[in-house]
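Work through these exercises with the sequence and the model side by side. Try each task before reading its solution.

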Amino acid sequence: MQLLMWFLLVLLAFGAVSYHRMKLFDATVAIFCALLVGSFAGIIGEFTWLLYLAIALPLNIESIRVKYFTTPILKIYKKIMPEMSSTEKDAIDAGTVWWDGEIFSGNPNWQLLHNIPQARLTVEELAFLDGPVEEVCKMCNDWDITHTRADLSPEVWQYLKDNKFFAMIIKKEYGGLDFSAFAQSRVLQKLSGVSAVLSTTVGVPNSLGPGELLQHYGTPEQQKHYLPRLAVGDEIPCFALTGPEAGSDAGSLPDTGTVCKGQWQGKEIIGLKLTFDKRYITLAPVATVIGLAFKMSDPDGLLGEVKDYGITCALLPRDTKGLAIGNRHFPLNVPFQNGPIRGNDIFVPLDYIIGGVKMAGQGWRMLVECLSVGRCITLPSTSAGGAKSIALATGAYARIRRQFKIPVGSMEGIEEMLGRIGGNTYLMDAVTSFTTKGVDLGEKPSVISAICKYHLTEKMRQLVNDSMDVHGGKGIMLGPNNYLGRGYQGAPIAITVEGANILTRNMMIYGQGAMRCHPFVLKELFAANNPNEEQGLKEFDSALFAHIGFAISNFFRSVWFSLTAAKFAGSPFMDETSQYYRSMQQYSSNMAFLSDVAMGVLGGELKRRERVSARLGDILSYLYLASCVLKRFDDEGRRSEDLPLMHWAMQDSMFKLETALEELLNNFPNILLGKCLKLIIMPFGKRFNKPSDKLDHDVAVILQTPCDARTRLGKGQFMSREAGMLMGDLEQTLENVIACEPLYNKVCKAAKERFPFTNLDVIADTGRELDVLTEAQAELLRVCEAGRLRTINVDDFDPSVLAQGIPKPKVKRKPKATETT
């Protein structure tokens with residue numbers, strides 16, 4: 001019994017100091033005090049004190065610790081440390097760590113989260129959204145863009161240039177708008193609800209491209225020449241990175257730039273001979289200035305001793321001799337300008353390099369840093385904007401469309417889909433708002449940008465699929481009145497571009513996250529590679545023992561949270577959200593603990609264990625997505641009417657997080673270790689279920705009923721009620737249907753007959769005959785009927801119209817008998 005009490009006392013003391021993450025010396029003192037109490041109680045003897053001193057003294061005396069512990073560990077570490085390519089090093093170095101670092105800490109500071117200011121628009125930004133953005137949305141007809149022109153109209157192109165849509169990122173001193181990242185996101189959200197071609201055309205120049213690179217890295221001469229011209233649309237930019245042999249693996253670029261002498265404008269100069277083959281380049285067919293990524297080398301040493309500079313970025317005017325540009329790709333019936341760029345032995349001066357010769361070889365870092373910002377904005381925003389428009393449209397359609405004499409939205413199968421659409425839309429908008437605020441605060445969150453790109457484009461694909469199912473035949477029949485078809489066709493484009501989602505999930509999110517967000521791994525890595533061995537040893541010692549303490553802390557926190565269901569974890573609010581904060585505290589500790597176990601057990605093999613990496617990345621991702629949801633709910637005043645949306649988003653995220661956690665443990669490469677870890681982390685299984693049927697129903701009701709929660713969900717989308725505006729007409733019809741339902745019931749009651757909710761114009765006449773409706777009420781029914789028919793009807797075409805543009809097959813002439821074949 002005394003031995004058991006001794007063991008419990010030591011374990012409790014050790015667990016307490018670990019849980020609270022006390023420093024080594026403080027923890028040593030705390031355990032000393034606990035043992036002292038045990039001595040007075042008669043349960044701690046001499047052996048325990050000897051054991052304590054044998055461990056405590058070497059660890060607290062730096063010279064002994066470094067000589068006998070740190071030095072041998074460092075030697076082993078250097079042997080097993082996975083090799084990193086230069087591009088991997090640049091990717092790890094680039095960008096910043098923000099809230100993702102808190103998530104990885106195992107103990108997120110919720111107060112810090114809620115102290116981050118809410119993203120807001122300036123007066124100028126709001127005026128732009130209500131003015132030029134609203135106007136260009138009215139000018140666009142997506143059917144005309146995608147089917148007739150395969151491009152924006154000349155009038156729209158000119159309007160975009162005249163109103164500086166391509167200059168949202170450019171500073172005012174160069175004639176740009178200099179909008180916040182949040183404002184750019186809101187603009188793209190609104191445009192994406194009208195046309196993916198429109199939002200892509202505007203998004204690319206304001207994302208990864210010459211404008212962004214020039215502002216950060218360009219020479220003063222390059223900035224003065226190009227930025228004012230880009231601001232007013234005299235120059236249209238594109239950036240050529242991807243090629244046939246190098247897609248997501250940009251480090252394997254085969255495109256070359258060789259330093260050599262050549263003729264330029266009648267003089268011999270030192271320049272670059274460029275050979276490249278690029279494809280999938282957005283805006284390339286219409287671009288006037290081309291950003292180009294290539295591997296630069298100087299084999300003859302014309303610039304100095306460096307032979308291989310690595311990835312470099314340059315700017316080429318469209319009229320550069322030998323540049324092949326102008327052809328188009330055809331991306332899945334969403335024909336934004338996209339095409340190949342090629343060149344063979346093109347000679348250009350060195351001052352075409354962005355930033356000049358001093359930036360030679362810095363291209364990958366430049367691209368990664370800019371991409372980490374661009375990927376936080378463009379694709380997540382267009383996905384969120386599309387989701388918002390889809391949510392409003394699908395909710396309206398489900399209420400207007402009737403089958404079996406009831407709105408289809410009241411059927412449980414449809415409610416399930418409406419629940420997914422509404423809950424995910426709430427989450428997606430929360431993510432874009434919070435993330436772009438981080439960018440506006442100066443962050444370049446490379447890990448978060450990968451999370452946003454992957455999860456929001458995947459959710460958009462799910463939402464548009466669900467919406468197509470709800471709309472049925474209305475969704476699959478293309479035509480001027482179909483507001484879903486092109487979005488459905490184009491969903492894989494967002495999945496594929498800016499880093500394929502398979503790669504992003506399996507390698508990038510956690511691959512970068514483990515290095516960048518872990519509080520000690522990067523410090524250990526840099527210390528081990530420090531050329532100053534003495535300083536490196538000291539830094540490694542500090543990082544190593546802090547890391548050991550961190551891992552032990554997360555072990556004890558994981559055990560405690562598992563046994564108590566995290567009921568004693570901290571929460572900033574004691575309301576419906578407290579369960580989520582507490583659970584996320586637990587899963588943050590779990591993820592940090594499992595990361596150390598995975599890195600310790602698998603070492604360099606972890607890079608190749610993509611499914612382990614993917615599931616750890618999923619845990620990190622859902623913790624971030626859920627944080628954004630809780631942040632949004634608080635920023636918007638913790639409104640009770642938004643609770644169904646918040647609960648749906650949180651429960652879905654927590655369920656998927658636990659699923660990823662369970663799958664990780666069930667499939668851990670070391671089976672026995674996986675079972676032990678599961679016993680520690682999930683001894684009672686999963687705690688969260690998928691959102692309930694009741695929650696699906698509550699969200700479905702919000703989507704089908706004009707209310708404040710629905711208005712907030714679709715805030716900022718283009719909903720003009722002018723004639724010919726599909727989304728506005730749908731909204732008006734929804735309001736008319738709801739207003740007409742009591743009038744319809746009044747007529748049915750007076751006639752003592754339950755009519756179908758069709759032919760409302762006839763019901764209007766009946767109501768007038770029975771003298772139960774005023775003329776104004778009857779007219780509302782007639783207007784509602786016309787809108788209802790516009791909503792449920794689909795387009796049809798003369799066969800000759802659909803055959804236009806299809807080339808006729810060539811008829812082979814039969815050879816004459818005298819001819820040889």
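Buried means under 20% relative accessible area, exposed means over 50%, and partly exposed lies in between (1.4 Å probe, protein chains only). This is a predicted model, in which local features need pLDDT of at least 70, side-chain atom pairs count only at pLDDT 80 or more, and totals for chains, interfaces and linings use all residues. Residues are numbered from 1 along each chain as its sequence is written, and side-chain values use heavy atoms, with hydrogens and water left out.

**Exercise 1. Aromatic pairs**

Task: Find how many aromatic pairs the structure holds, then describe the pair of F128 and F179.

Solution: 
Step 1. Rings of Phe, Tyr and Trp (its six-membered ring) pair if their centres lie within 6.5 Å; planes under 30 degrees apart count as stacked, over 60 as edge-to-face and the rest as tilted.
Step 2. The structure holds 19 aromatic pairs.
Step 3. F128 and F179 are one of them: their centres are 5.2 Å apart and their planes 75° apart, an edge-to-face pair.
Step 4. F128 belongs to helix α8 (residues 123-139), and F179 to the loop between α10 (154-162) and α11 (181-192), so the pair joins parts 51 residues apart in sequence. Helices (H or I, at least four residues) and strands (E, at least two) are DSSP runs, numbered from the N terminus.
Step 5. Check burial. F128 has 7% relative accessibility, so F128 is buried. F179 has 6%, so F179 is buried too.
Step 6. Now take F555 and F556. They also form an edge-to-face pair, with 5.2 Å centre to centre and 75° between the planes. F555 is partly exposed at 29% relative accessibility, whereas F556 is buried at 15%.
Step 7. Finish with a cluster: ring pairs link W99, W110, F573 and Y581.

**Exercise 2. Helices α24 and α25**

Task: Determine how α24 and α25 cross.

Solution: 
Step 1. Axes are lines fitted to C-alpha atoms, for helices over the stretch in contact, and angles run from 0 to 180 degrees between N-to-C directions.
Step 2. The axes of α24 (residues 610-635) and α25 (residues 643-666) come within 9 Å, and they cross at roughly 165°.
Step 3. Therefore α24 is roughly antiparallel to α25. The scale is this: under 35 degrees is roughly parallel, over 145 roughly antiparallel, 65 to 115 roughly perpendicular, and the rest oblique.
Step 4. The crossing of α24 and α25 is left-handed. Left-handed means that the near helix is turned anticlockwise from the far one by less than a right angle; clockwise is right-handed.
Step 5. List contacts (heavy atoms within 4.5 Å). Among them are V612, L616 and F633 of α24, and L643, M650 and L664 of α25.
Step 6. Sort by class. The contact of α24 with α25 has 18 nonpolar, 1 polar and 4 charged residues. Ala, Val, Leu, Ile, Met, Phe, Trp, Tyr, Cys and Pro count as nonpolar, Asp, Glu, Lys and Arg as charged, and the others, Gly among them, as polar.

**Exercise 3. Helices α23 and α24**

Solution: 
Step 1. Contact residues include Y581, M584 and Y587 in α23, and I619, L620 and L623 in α24.
Step 2. The contact of α23 with α24 divides into 15 nonpolar, 3 polar and no charged residues.

**Exercise 4. Positive phi**

Task: Which loops hold L332 and A565?

Solution: 
Step 1. L332 is in the loop between β6 (324-325) and β7 (338-349). L332 has a positive phi of about 50° although it is not a glycine.
Step 2. A565 is in the loop between α22 (533-564) and α23. A565, not a glycine either, has a positive phi of about 55°.
Step 3. L332 is partly exposed at 44%, and A565 is partly exposed at 28%.
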